[in-house]
Amino acid sequence: MIEGLIILTRPNYVPHAWHGTLLYWAVVVFSVTINVVGGSLLPKFEGLILVLHILGFFAILIPVTYMSDYSTAKDVFATWVNSGDWPTQGISTLVGLMGAVFAFAGSDAAVHMAEETKNAQKVIPISILLSLILNGVMGFAILIATLFCMGNVQAALQSKTGYPFMEIFYQATNSITGTCIMSTIIVIMGTCAVTGVLATTSRQFWAFSRDRGVPGWRIWSKVSERTNIPVNSVILTAVISCLLGLLPLGSPVAFNDLTSMSTSGLYLSYMVCCILLLYRRCTGGILEMADYRSRNSSGILPEVDEPIINTAGAMLVWGPFHLKGISGVVVNVIAIAYMLVAVFFSFWPPTAQVTAATMNYSAVATAGVMILTVIYYFSRAKKVYKGPIIEF
């Protein structure tokens, strides 16, 4: 996106693939700095992100809706496009749905920060719900505004910046300055989002390392005594991100397949959890807190002398946020059906006429990761991984 801004202000600028990679690395380094400094900086920075997020929403929505020429409701709601030449509009819709599906991936990110949150069993669910409500309302509003104010669709798709939204802003405002300001807001929010994603991803990797579930877990499970932050996990996550940023230099197809893997990988992990949760619901495998306390008079956790305990085989207990009875079962079934569709179509190519450049190889890559994981488990992890660990 930064390159798009440069092209917008300097029409004669000729972009090179490595320019984007260097800019991407700069964003990662910035995110690492915010995460590693730690302490009170990260939550304060994320509070600032929330303020910028809301203000930026209105800073874009108001000019676009006020200055644009509007399309008709028929154009917005009754026009269907099958750019992939699929045999039916239904298949075309499901293949095109992956953009929206990807936008909802990672909504559980707050869970990864649970061990650094006070009263997490209540705060984390509230955070997730408020995030979905706030971003759902704002996202739907900006979507409707964009559809009505899009202008020339082909001009947006063929924008020399490489980012259609910049052309939409320009068509709406007819001002390079205004377009740059609104586009800069999105660039800033994207950079801030990387900071949050790096924080949650590194915490998840650290937690799995503490459980001895990954190679080199002794190194990645270490926590800095000065900042109480898993610095090694943060740095490894950043290094892997920088290496993945090299993919566009060699093959844009490989990079597109990597983003497709993000959808399939995340939703497969969600689906496993939902299936197990549904199984436990239907078999009565999760106790209400009152029932658990009546069975275990000593409290939720046993008295222990060690700083950590293994939870393998422990009884499962409902937290304060859960749907009881048939309502919970219905929600689980709907969620599983949705994720089955999402995972299935995440492996499809964008067009029916498949070439080497448009083929989606993410199914091969996802299967490869799963095979390597199984091999590692039986060759090494089975000997050291005993289940999730709780620290006191």
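Is S264 buried or exposed, judged by its relative accessibility?

## A residue inside helix α14

In this predicted model, S264 counts as buried because its relative accessibility is 0%, and the cut-off for a buried residue is under 20%. The place of this serine is in helix α14, which is made up of residues 252-283.

The surroundings of S264 include residues that stand well along the sequence: leaving aside residues up to four places away in sequence, S264 touches V343, S346, F347 and T366.

## The chain as a whole

The protein chain contains 17 helices and four strands. It has 392 residues, of which 31% count as buried, and its accessible surface comes to about 23400 Å², with 69% of that area belonging to carbon and sulfur atoms.

When the contacts with a separation of 6 or more are considered, 72% of them are made by residues 24 or more positions apart. The pair of helices described next, α3 and α10, covers residues 41-67 and residues 176-210.

## Where helix α3 meets helix α10

The axes of helix α3 and helix α10 come within 10 Å and cross at roughly 150°, and the crossing in which α3 passes α10 is left-handed. On the side of α3, the residues that take part include L42, F45, I49, L52 and I60, and on the side of α10 they include M182, I185, I186, M189 and C192. The residues of this contact divide into 15 nonpolar, four polar and two charged.

One of the α10 residues in the contact, C192, counts as buried because its relative accessibility is 6%, a value that falls under the 20% cut-off.

## Cysteines without a disulfide

A disulfide is a covalent bond between the sulfur atoms of two cysteines, and the structure holds zero of them.

Most residues other than glycine have a negative phi. Against that background, N119 has a positive phi of about 55° although it is not a glycine, and N174, also a residue other than glycine, has a positive phi near 55°.

How exposed is N119, and where is it found? N119 is found in the loop between α6 (98-104) and α7 (120-148), and it is partly exposed because its relative accessible area is 42%, which lies between the cut-offs of 20% and 50%. N174 is found in the loop between α9 (164-173) and α10, and it counts as exposed because its relative accessibility is 60%, a value over 50%.

Definitions and conventions:
Residues numbered from 1 in each chain as written. Predicted model: local features only at pLDDT ≥ 70, side-chain atom pairs only at ≥ 80, totals over all residues. Heavy atoms only, no water. Axes fitted to C-alpha atoms, helices over the stretch in contact; angles between N-to-C directions. Helix = DSSP H or I, 4+ residues; strand = E, 2+ residues; numbered from the N terminus. Left-handed = near helix turned anticlockwise from the far one by under 90°. Contact = heavy atoms within 4.5 Å. Nonpolar A, V, L, I, M, F, W, Y, C, P; charged D, E, K, R; others polar. Buried < 20%, exposed > 50% of the residue type's maximum accessible area, 1.4 Å probe, protein only. Areas by Shrake-Rupley, 256 points an atom, 1.4 Å probe, with all protein chains shown as cover. Disulfide = S-S within 2.5 Å.
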